[in-house]
Amino acid sequence: MSEPSGPLKGLRVLDLTRVLAGPTCTQMLGDLGAEVIKIERPDAGDDTRGFAPPFVPNTKESAYFVGVNRNKKSLTLDIAKPEAQAIVLKLLESCDMLVENFKVGALAKYGLGWEQLSKKFPRLIYCSITGFGQTGPYAPRPGYDALIQAMGGVMSLTGEPNGAPQKVGIPVADLFAGLYGCIGILAALRHRDATGQGQQIDIGMLDTHVAWLANQGMNYLSTGENPPRLGNQHPNISPYQEFPTKDGYLILAVGNDPTFARFCENTGLAHLLTDERFATNPNRVANRDLVTATLTPVMKTLTTTEWVDKLEALKIGCGPINTLEQVFADPHVVAREMVVEMTHGSGEVVKVIANPVKMSATPADYRSAPPILGEHSQHVLCDILGMSAAEVAALRERGIV
C-alpha cells in the first residue's frame, strides 16, 4: 500500500461496516486519503465476500465485495470477545472516525456504542448507518435496499403506468446512505477542527431515501396528490423520455420551449408550434400522450446514431440507451478514466470503478486493491499497536483474530 496523497491524508478510520451502505462511505474516505482499518469476522469476513457469482477473474473475491472495499486494511477480529474489544479500544486511541452499520444498540453490548466511546474519546467522530436511524418507531428494524426503496416511495414512482411498482436496478438506497454518511463525516471534521469536539452522525436509509425524492417529493408536497408512474417520461417536462428509433431506442431530453421549437423546425414538425397543446411546456405536460403519439412515428424514421448526430448538431439533449458493455467502451467514459486497474493481493490485476470526484489539487488515489480477508491483521496488530508476533499467534489460536 503506497502512501496516501488525498485531502484526508493523516486521518484514520475504524471501519465496522459491511455489505454496501457503510463500505461505500468508508471507501470514499479511503479514496480521499484516509487510512481505513476494516474489521471483519474471522473466517467469514464481510457478508459480501460471499455475494457471488460472479467472482473477479482468477480470484476468490466476489465482484460485489471488490466494488466497495479498495484502500482498506483488513483486520480480522471477533468483537464479541473481550480481548478483541480491548484491541478496538486501543486502535481508537489513534483513530479520528468510527463508521458502523450494526443494528441500533448492538455495539453497546460490546462497550463500543456512541455513549460509551464518546466519554473516552471526545474527539471521535462516530457515524452510524442503519435502516431507520437511531430514533423513531422503526429504529430496531433491519434495513434492506429493496425494503427502503419500497417504503421510501421510489418504487411507487418507477415503472410503466399500468405495470407493477419497480425498484431501481442498482441499490440506490444503500449507496445514497453511504454518501450522505460521508458528507456528514466531512462536516463533522470541520466542526472538530474548529472546536475539538467529536459527534455522532445518525444516518437512516429511509431518511436519505425521502431526501432524494427531490422534485417528485416536492410535487406531492405542493399538490397533496401522489405522482403517477410514468415509465421513462418526466413528471414536469415533455418531451423528456425514450422513443423508439429505426434500430433501437433513444432518450430525447427537451428542457425548454426554445429547444422544442428548434426540434420541430428541423424535423418537419414546425406546424406544431402554432398548436396550443404543444406551444408551451406546461401544455405539453398536460397533453403528454398526444406529444408521445405525435413524435413517435417521426423518431422511427432514423437510426439511433443518425438521431444522435442530428440532434447534437442542433444542441438538443439526446443519447442512446447503453448496455454496460457500451457504457464501459464509451469514449467519454474511457477518457474520464472511470475504470482503474489495481494489483490484488492474489497477484491478479483487478478492474474497479473509479471515484467520480475529480479534484485538481488532491485527486482520489488508488493505493491498494480490496483486501484479502485478514490481509493486514499482522501489520495492524504489530506495526500500529506494537504487539509481538507471538502475541498475535496466541490471539489467532484462541479465535480472537
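This briefing walks through a sheet, a helix pair and a few backbone details of the structure above.

The model is predicted, so local features need pLDDT of at least 70 and side-chain atom pairs count only at pLDDT 80 or more, while totals for chains, interfaces and linings use all residues. Residues are numbered from 1 along each chain as its sequence is written, and side-chain values use heavy atoms, leaving out hydrogens and water. Helices (H or I, at least four residues) and strands (E, at least two) are DSSP runs, numbered from the N terminus.

**The sheet**

- Six strands make an open sheet with parallel pairing, in the order E3-E2-E1-E4-E5-E6; two strands pair if DSSP finds at least two bridges between them.
- The edges are E3 and strand E6 (199-204), each of which pairs on one side only.
- From one strand to the next, the twist averages 20°; axes here are lines fitted to C-alpha atoms, for helices over the stretch in contact, and angles run from 0 to 180 degrees between N-to-C directions.

**Strand E2 and its neighbours**

- On one side, E2 (residues 35-40) pairs in the parallel sense with strand E1 (residues 12-16) over four bridges, and Val-36 of E2 is the bridge partner of Val-13.
- E2 also pairs in the parallel sense with strand E3 (residues 72-76), over five bridges.
- A right-handed β-α-β unit is made by E1, helix H1 (residues 21-31) and E2; right-handed means that, with the strands pointing away from the viewer, the path from the first strand over the helix to the second runs clockwise.
- E2 is mostly covered, with six of its six residues buried; buried means under 20% relative accessible area, exposed over 50%, and partly exposed in between (1.4 Å probe, protein chains only).
- In a regular strand the side chains alternate between the two faces of the sheet.
- Glu-35, Ile-37 and Ile-39 point one way from E2, whereas Val-36, Lys-38 and Glu-40 point the other way, and all are buried.

- The axes of helix H17 (residues 377-384) and helix H18 (residues 389-397) come within 10 Å and cross at roughly 135°.
- H17 and H18 are therefore oblique to each other; angles under 35 degrees count as roughly parallel, over 145 as roughly antiparallel, 65 to 115 as roughly perpendicular and the rest as oblique.
- Their contact (heavy atoms within 4.5 Å) is made by Ser-377, Gln-378, Leu-381 and Cys-382 of H17 with Ala-389, Val-392 and Arg-396 of H18.
- Ser-377, Val-380, Leu-381 and Cys-382 are the buried residues of H17, and their cover includes E2, E3, helix H3 (82-92) and H18.
- After H17 comes Gly-386, with a positive phi near 80°.

**Backbone details to look up**

- A cis peptide bond with omega of about 5° joins Ala-52 and Pro-53, and Pro-53 is in the loop between E2 and helix H2 (63-66).
- Another cis peptide bond, with omega of about 0°, joins Ser-238 and Pro-239; Pro-239 lies in the loop between helix H9 (214-223) and strand E7 (240-244).
- Asn-71, in the loop between H2 and E3, has a positive phi near 55° although it is a residue other than glycine, and Asn-71 is buried at a relative accessible area of 0%.
- Glu-337, also not a glycine, has a positive phi of about 55°; Glu-337 sits in the loop between helix H16 (331-335) and strand E10 (339-343) and counts as exposed at 59% relative accessibility.
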